[in-house]
Amino acid sequence: MLNSIDPKSAVPIYLQIIGQIRRQVAAGVLAPGDQLPSVRELAAQLIINPNTAARVYRDLERDGLLETRRGQGTYISPTAAALAESERKSLVSERMAEAVGEARSLGLSDDAILKLFRDALARRQG
Amino acid sequence: MSADAITTESHLGDYAVVTHTLTRRFGRKLALDSVSARVSVGSIYGLMGPNGAGKTTFIRCLLNLINPTSGSGTVLGHDMVRDSVAARRKIGHVAALQPLWEWMTVRELANFMAGCYPRWNQDAVKAVLSPVGIDPNDKIQELSRGQRTLAALAVAIGHQPELLLLDEALTGLDPISRREVLRNVIDVMHAENRTVLITGQDIADMERICDHVGFLIKGRLFWESTLDDLKARVKRIRIEHPGGPQPQVPANALRVERAARETEFTVTDFTRDLVESLAAPGRRVEMLDLSLEDIFVDLAQPQLAAAGPAPDAPVKVPA
């Protein structure tokens with residue numbers, strides 16, 4: 001279910017896994033009520049430090065994406081469906097922020113940036 | 001020194017290993033140079049460094065296989081030298097190409113080891129051997145290199161050690177055996193208060209499973225922190241300055257690279273304020289995350305370049 005991680009990446013491992021789970025929730029691959037592996041299973045499956053696996057779940061639980069049922073395991077929370085919509089937007093807005101940052105640093109005007117976005121949208125519509 | 005030792009003793013609950021200015025000489029070579037290390041209980045601590053940095057000497061001191069020339073240390077609350085027998089009972093140790101009794105079968109080896117300890121968990125031993133298809137009736141000498149390491153690991157965790165020392169245990173293993181060793185290490189960690197100290201060369205493996213790292217070069221421990229802290233503090237800064245003058249680089253910057261319109265360097269004390277202090281009109285300042293490998297190389301370079309006090313004459317290490 002989870003993609004493998006890239007330990008050589010500069011992105012910390014826990015953030016890589018959090019990113020993958022968020023994307024899967026946003027895309028509906030993971031739905032409310034779906035059970036996730038235990039911390040131990042996750043650590044053994046991905047071969048990562050158990051503390052890193054625990055941190056992934058702690059952070060996602062704090063953000064309301066996961067819930068831990070005592071003695072039963074970790075599940076995608078019922079509120080995740082509502083979050084999925086905002087997840088989709090926030091994932092795209094992060095990418096857009098990067099693109100805008102890049103465009104600004106290359107000295108493009110706001111009008112030029114907007115035009116590029118419209119062109120990109122138009123190309124995809126065909 | 002003795003006052004120091006007493007202070008440490010009262011905090012032993014937090015650390016599986018504490019050393020104070022641990023030093024070991026082999027003839028004229030300083031193999032360990034005043035190493036003060038702290039390995040937190042419950043952590044997987046990666047001790048990294050090039051060949052000959054002193055990693056194995058450090059492990060052998062912890063096991064009291066060799067005596068320190070000076071300095072002291074405690075292992076699981078026991079004095080490294082005076083109470084080494086008590087400490088050894090709670091330690092599991094796997095070394096690269098570890099000598100095993102070649103003529104024994106895996107079962108005989110496990111039974112022999114079981115006899116050395118008051119408690120023994122045969123299920124834990126089986127849990128390592130069965131998934132990789134090692135038959136208890138196999139003779140040690142018939143095992144592949146990866147299987148040998150797994151057999152050594154299996155008998156090293158049978159007495160459920162509180163501290164597992166893996167000294168270059170992954171070096172030279174095929175990818176499948178390496179993964180299997182790592183998977184078992186993660187499994188060992190599942191019990192409360194287990195600690196793993198691992199030395200090795202494969203930085204990607206270290207990055208996967210370690211939460212604490214120590215960097216050792218020429219016998220000196222020149223960095224020790226959590227992996228997260230290391231990655232938060234060591235960053236690459238890139239400044240693009242197409243129109244303006246060359247920017248000032250902090251005095252302690254590492255691997256400074258200057259081009260006509262671009263400057264890059266590594267800092268070890270990164271803060272957001274640093275990026276702001278470098279900002280100027282016509283400049284673009286960017287912070288880049290570094291992988292553990294890049295971090296290690298950048299931090300190690302000045303250590304390698306520094307003139308060491310010990311001559312590099314090869315000295316035979318007593319076996």
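Trainee: Which residue of S3(A) is the bridge partner of A:Gln35?

Mentor: In S3(A), A:Gln35 has A:Tyr75 as its bridge partner; strands here are DSSP runs of E, at least two residues long, and helices are runs of H or I, at least four, each numbered from the N terminus. This is a predicted model, in which local features need pLDDT of at least 70 and side-chain atom pairs count only at pLDDT 80 or more, while totals for chains, interfaces and linings use all residues. Residues are numbered from 1 along each chain as its sequence is written, and chains are lettered from A and ligands numbered from 1 in the order in which they are written.

Trainee: And in what order do the strands sit?

Mentor: The order is S1-S3-S2 in an open, antiparallel sheet of chain A, where pairing requires that DSSP finds at least two bridges between two strands. S1 (35-36) and S2 (66-69) of chain A are the edge strands, each pairing on one side only.

Trainee: Switching to helices, at what angle do H2(A) and H3(A) pack?

Mentor: They pack at about 120 degrees with axes 8 Å apart, the axes being lines fitted to C-alpha atoms over the stretch in contact, and angles running from 0 to 180 degrees between N-to-C directions.

Trainee: Which residues make that contact?

Mentor: From H2(A) come A:Val39, A:Arg40, A:Leu42 and A:Ala43, and from H3(A) A:Pro50, A:Ala53, A:Ala54 and A:Tyr57; contact means C-beta atoms, placed from the backbone, within 7 Å.

Trainee: How many residues of chain A are in contact with chain B?

Mentor: There are 16 in chain A, in contact with 20 residues of chain B, and helices H2 (39-46) and H3 (50-62) of chain A each supply at least two residues of that side of chain A.

Methods
Contact = placed C-beta atoms within 7 Å.
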